[in-house]
Amino acid sequence: NITKASNGQNRETEDHAKIHAPKVATTASRSVSESDFETNAMRVTGVSRALAQTDADNPTLDPNTVMMWIVPTGGGTASQILLNAVERRLTVNEPKTNTTALMVVPAPYAELAPVGTVYLKHASSGLPLLAAAVEAAADEVLSLLVTHFSPDSIDRDAGDYTVQFGAALAYSDYYRVITTVAAVKRLDLDSPAWSLATHRSEERR
């Protein structure tokens, strides 16, 4: 073939496969495995993320019970209307088995407060930075962090899986986001590691 290939796609990344491969193997017309429940719940408009738990994950649950934790698009607490829509999806559209009890609830949130110091570069004139410049840099840092950790900023198709249920926040994420601000010289994070960890069923904000 003397014609150069075009319009192709890059090889699938390992991270992309880890997220998408389970979806291919799910029982499309039923909700049986935890992966089925999560995939089918996320087909409901307005659901950003879903986590299914059984007594194997949460010993407080009765056997043959699935608890669905729901995070709505935009974050915050899932409305009862959205929870009802998820329950309807899992009992009517892709129904669970008759012997499985289903609980659909809003995901709880863990409040995290990492502590650190952001050092700014000197003004080009060599003079101390004006208060307005410091405030502008602080606003930019906070805006970038909010965007980065927002559930709606995740592009799973591009291999971005920053926000995970119950996963600890990585220091590298903070460094990577904050140091993109042109005025930032360096960042020191001195939060203890435990302050960035959450329970598996908890969302972070």
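At 8% relative accessibility, valine 177 counts as buried, since buried means under 20% relative accessible area, exposed over 50%, and partly exposed in between (1.4 Å probe, protein chains only). You will find valine 177 in helix H5, residues 171-178; helices (H or I, at least four residues) and strands (E, at least two) are DSSP runs, numbered from the N terminus. Leaving aside residues up to four places away in sequence, valine 177 touches Leu144, Leu145 and His148, where contact means heavy atoms within 4.5 Å. Valine 177 and leucine 144 are 33 residues apart in sequence, and their C-alpha atoms lie 6.6 Å apart in space.

A word on the model before we go on. It is predicted: local features need pLDDT of at least 70, side-chain atom pairs count only at pLDDT 80 or more, and totals for chains, interfaces and linings use all residues. Residues are numbered from 1 along each chain as its sequence is written, and side-chain values use heavy atoms, with hydrogens and water left out.

Now to the sheet. Three strands form an open sheet with mixed pairing, in the order S1-S2-S3; two strands pair if DSSP finds at least two bridges between them. Strand S1 (47-53) and strand S3 (101-106) stand at the edges with a single partner strand each, so one side of each has no neighbour in the sheet. Strand S2 (residues 65-72) pairs with S3 in the parallel sense over six bridges. Within that pairing, tryptophan 69 has valine 105 in S3 as its bridge partner.

Helix H3 (residues 80-93) packs on this sheet, touching S1, S2 and S3, and its direction makes about 155° with that of S3. Such angles run from 0 to 180 degrees between N-to-C directions, with axes fitted to C-alpha atoms, for helices over the stretch in contact. Which residues of H3 are buried? They are Leu82, Leu83, Ala85, Val86 and Leu90. These residues cover an arc of only 160° around the axis, which puts them on the same side of H3; the arc is that of the directions from the helix axis to the C-beta atoms. On the other side of H3, Gln80, Ile81 and Val92 are exposed. The cover over the buried residues of H3 includes H2, S1, S2 and S3.

Helix H2 (residues 34-41) also lies across S1, S2 and S3, running at about 160° to S1. Asparagine 40 belongs to helix H2 and, at 1% relative accessibility, counts as buried.
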